[in-house]
Amino acid sequence: MKVAVRSLCEFAARTGSLEYRYTPSPSAEEGIAGHQWAQSQRPAGYQAEYLLEGACLGVQLRGRADGYHADDTPVYLEEIKTHRGDLSRIGAGQHRLHWAQLKVYGALLCQRDSLNEVELRLVYVDISSHQETVEQACMTRAKLMAELEALCRRFKAWHRQEQQHRGERDQALQQLRFPFADFRPHQRSLSETVYKAASTQRTLLLEAPTGLGKTLGVLFPALMAMPAQQLDRLFVLTARTTGRELVLASLQQLVDTSVSSTASPLPLRIVELTAKEKACEYPDRACHGDSCPLASGFFDRLPAAREAAAQARWLTRQRLQQLAAEHAICPYYLGQEMARWSDVVVGDVNHYFDRQALLYGLTRQNRWRVMPLVDEAHNLVERARGMYSARLRQADVSIAKRAAPKSLARTFEALQRAWRRLIKTYDSEQASDEPLTRYLEAVPGELNRALQRLVNDLTAYMTEQAVVPELQTLLFDALGFMRLAEDFGEHSLCSVRLESRQSRQGGRARPGRLATLAIDNVVPGDLIAERFKAAHACVLFSATLTPTRFYRDLLSLPPRTVAQTIASPFRAAQVEVRYPRISTRYRDRERSLAPIAQRVSRQYAVQPGNYLIYLSSFAYLQRLQHHLAAVDPSLPLHAQQAGMREAEREAFIEVFRRQRGVVGLAVLGGVFAEGIDLPGDALVGVYIATLGLPPFGHFQQAQAARLQARFGQGDDDTYLYPGLQKVVQAAGRVIRSPDDNGLIELLDDRFTAPKLQALLPGWWKA
C-alpha cells in the first residue's frame, strides 16, 4: 500500500470549506522559483528536496521535504509554501493541510533516525517581495507518530477498497472483448499498433482515415494494455466537445460488453472533466465557503460524495452534477477529486498539456504510469500554442483604471507611463495612422516591472474588497502575460501593435495610439516536451497527421516516437472527387459565387440529399448563402452562425441527422468541419471552396521566418500543412463506413497542383 505524503494529507487531513478566492495563487513555475530562492538563503549543510520514506500501519509513504538541516540541535525540517500578497488569504483549512504535510515528514524523520523530537518550520514566501513568514514548533516523536497513525487509519479503508477495485479492473480487462463480432477492415491493424506502442513504451503518431473507427480501435487495445503494463490511468484527451462525445460513446460500448459468463459490466471507473464555467452552479460567486454554499463545508461532505461517485463508476458531467447535488457540494471540484480515483479520465487536451494542468500535476505527484490518448491530435499544435500565448491591451488597462479606487491611482499611472514610453519608442517609426506591428527581441522590461507592481497592489486590494470584474480581468491577464515572459525564448514571438484611436478631451477629437503587447507561441513542443517524457506511452491519433515531420518538430516528440499510417478500409469507387477549377482566391471571391451556386443547384436537382459547403470565413459564407437563395429559392439552406453556443451547435447537427435534403453552409476548420459523425445518407456530399490557408499577415510572416530558421520549411509549416488539414478533415465527413458513398468537390483550381495532390488521401485516387 504505497502513497505520496502529499496525497495522503490531501485525502485524510483536509476539512472545512473550499478556500479559492478570486485573487490568484502563484503558478507552478513561480512556486518552484520561490522555493529555490528560499533554499538558496539557507546555511551550509542545508539539504533541499530531502527524500523521506517510511511505513505506518502498513502504509508505505514517500515524499520530499523542502529542506533538512542536521547541524542544529534539534535538527529541523522545513516545508516551504509560496503565496502572493496578504498571507491572511491562506484559509484555515489550507493552513492545517500545510502543517499536516510537515508533521508527516517530521514523523518519518523521527522514525528513521530514532529521534525523540524534531523542529518543524513552516515557511511562507511571498513571491513578489521575497518576504518570509516562519512558523515553527518543536514536536516529539510520540505526538507526530500519533497524528500520522490517525491519517493512515483514515486512508487505509479507502485504499483497501481501491486495491480491490484495481484487482477486479485488471482481471476484467484481461478478458476484455471487442464489442462487435469483428473489426472493420484495417481496424485490427490499428489496434495492434496501439498495443505495441504501450508494450514498448513509445509515443505513437497514428494516422488513420476518418470512418475507420479510430476511437474505438485505440481505446480497446489501450484498456487491454493496462494490466500487462501496470498502467494506473488512461487520459483520453480531445480538442473539441464533439470529440469527447464520440469518446464517451465508444467507452460506453466497451463498458456494456460482457466480460464473463455472468455478463457483468466492465468494472471501470470513468470520469468526464469539463471546464469550470460549464460545471459551476454559481458563476458569480468565489470558490470559498464565505461566498458559495457548495464550497462551504465541501471537505466535510466530500468523503460521502466520493464514495458514492466511486460506486457509480460512470461519471459523466450530468452524473457528477446529480451526485454533487445529492451531497450539496461543488460538481466541478467533485470531478477534480474523482480524477484522482478513476481509471479513465476523459477531458480536454489542456487538462494534461496546459501550464498548470491537473492531470500532469497528479501524474508527477503520484508517480503514476499513464498513457495519454490524444484524439484529433492534428489540433494539438494550435491548441498548445494558445495555452502558451498571451495578450495585454492598453485599452483594457484604461477600462480597469476607471473602475479602480483612488488608492490604486499611482499604480495605474505608473503602468500607463510604461505604456506611453513603449508607444513613443515605436510611434515615431511611422508617420501615418495605419496600424503598426513590430516584433521585439525581448519582452519590454519597464512594462514588465510596472505589471509586477500592478499584480502586487491588485492582489492586496482584492483580498480585502469585493470583486471588481474589470480589475479581476486585468489581474489575470497580467499574470498570464508575466508567466510567459519569464520563459520567453525562440519558441515564441513578442510583438507590439499600435493602432489609432480618437479620444475626446474638452469636447474635441484628439488622435492617439493604443498599444497591444503579445507573446505568441510558435513551437509549443519546447514547452510541452516534458509531458510526453512523463508518460509511459502516448498515442496521438487523427486522420490528418501528414507530414509526420511537421508534428515531430512542432510538438518536440521523443526520439523513439513511431509514425504509423493505417491503410484505408474504403475504396475509390465509394467517393467521386471532382475538381471544378474555380478560383476562390480573395481577389476572386465575388466572381466565384455564381459558378459555385450553379454547381450546387445542379447537383441537388440530380441527387437531392444532405450536403455541406465549407467556406473560409463567415463573410464568404453569408455571401454564398444569399447567392444560393437567389439562384434557387427552393434550396433548404441551413447556415452556421458566428458564436453559436453548445446547444445551438448540437441543434445544427441534429438537423442533418433527422432530415434529408438539407444544404448546409459551414466554416472550414470550424466546429462542423471535424469530429462530427454523419453516416449513411445523413451526408451525401461536401463542397470545399478554399485551401484553408491562414491569412497572409504580419504574424504569419514572422511565424514563417521563425519556423524557417528552426526547421527549414517555414512557409509550408505556416500555411500549406495547416490548411490542408482542414480540407481533409472536412472531406472526411462524407465517407463514415464501408457502406457509405458520396461526393467531394474541391472547388479551388489550386487543388490540382501536384504538391497538394500528394497531401490528399491516396485512397481517393486508388
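Before listing any sheet, I note the rule I applied: two strands are taken as paired if DSSP finds at least two bridges between them. The model I am reading is a predicted one.

I looked up the strand order and found an open sheet of eight strands, arranged 12-10-13-9-14-19-8-20, with parallel pairing. Strand 12 (314-315) and strand 20 (562-565) form the edges, and because each has a single partner strand, one side of each is left without a neighbour in the sheet. I then turned to strand 8 and strand 19, which run parallel and are joined by five bridges; within this pairing I located Leu206, which stands opposite Phe541 of strand 19. Helix 5 packs on the sheet, where I find it touching strand 8, strand 14 (370-375), strand 19 and strand 20, and the direction of helix 5 makes about 165 degrees with that of strand 8.

Entry, the helix pair. Which helix comes within 8 Å of helix 5, axis to axis? I recorded helix 6 (residues 214-229), whose axis crosses that of helix 5 (residues 187-200) at roughly 35 degrees, and the crossing is right-handed. On the helix 5 side the contact includes Leu190, Val194, Tyr195 and Ala198, and on the helix 6 side I noted Leu216, Val218, Pro221 and Met224 among the residues met. By class, I have eleven nonpolar, five polar and one charged residues in this contact.

Entry, the cores. I looked for the largest nonpolar core, which has 180 residues, and listed Leu61, Leu148, Phe353 and Leu540 as those with the most contacts inside it. Helix 3 (residues 92-113) supplies the largest share of this core, ten residues.

Entry, helix 20. Which residues of helix 20 (residues 548-555) are buried? I wrote down Arg549, Phe550, Tyr551, Leu554 and Leu555, and among the elements that cover them I found strand 8 (203-207), strand 19 (538-542), helix 14 (380-387), helix 19 (525-534) and helix 25 (714-731). Helix 20 is followed by Ser556, for which I noted a positive phi, near 50 degrees.

Notes
Residues numbered from 1 in each chain as written. Predicted model: local features only at pLDDT ≥ 70, side-chain atom pairs only at ≥ 80, totals over all residues. Heavy atoms only, no water. Axes fitted to C-alpha atoms, helices over the stretch in contact; angles between N-to-C directions. Helix = DSSP H or I, 4+ residues; strand = E, 2+ residues; numbered from the N terminus. Left-handed = near helix turned anticlockwise from the far one by under 90°. Contact = heavy atoms within 4.5 Å. Nonpolar A, V, L, I, M, F, W, Y, C, P; charged D, E, K, R; others polar. Buried < 20%, exposed > 50% of the residue type's maximum accessible area, 1.4 Å probe, protein only. Core = buried A, V, L, I, M, F, W, Y, C linked by side-chain atoms within 4.5 Å.
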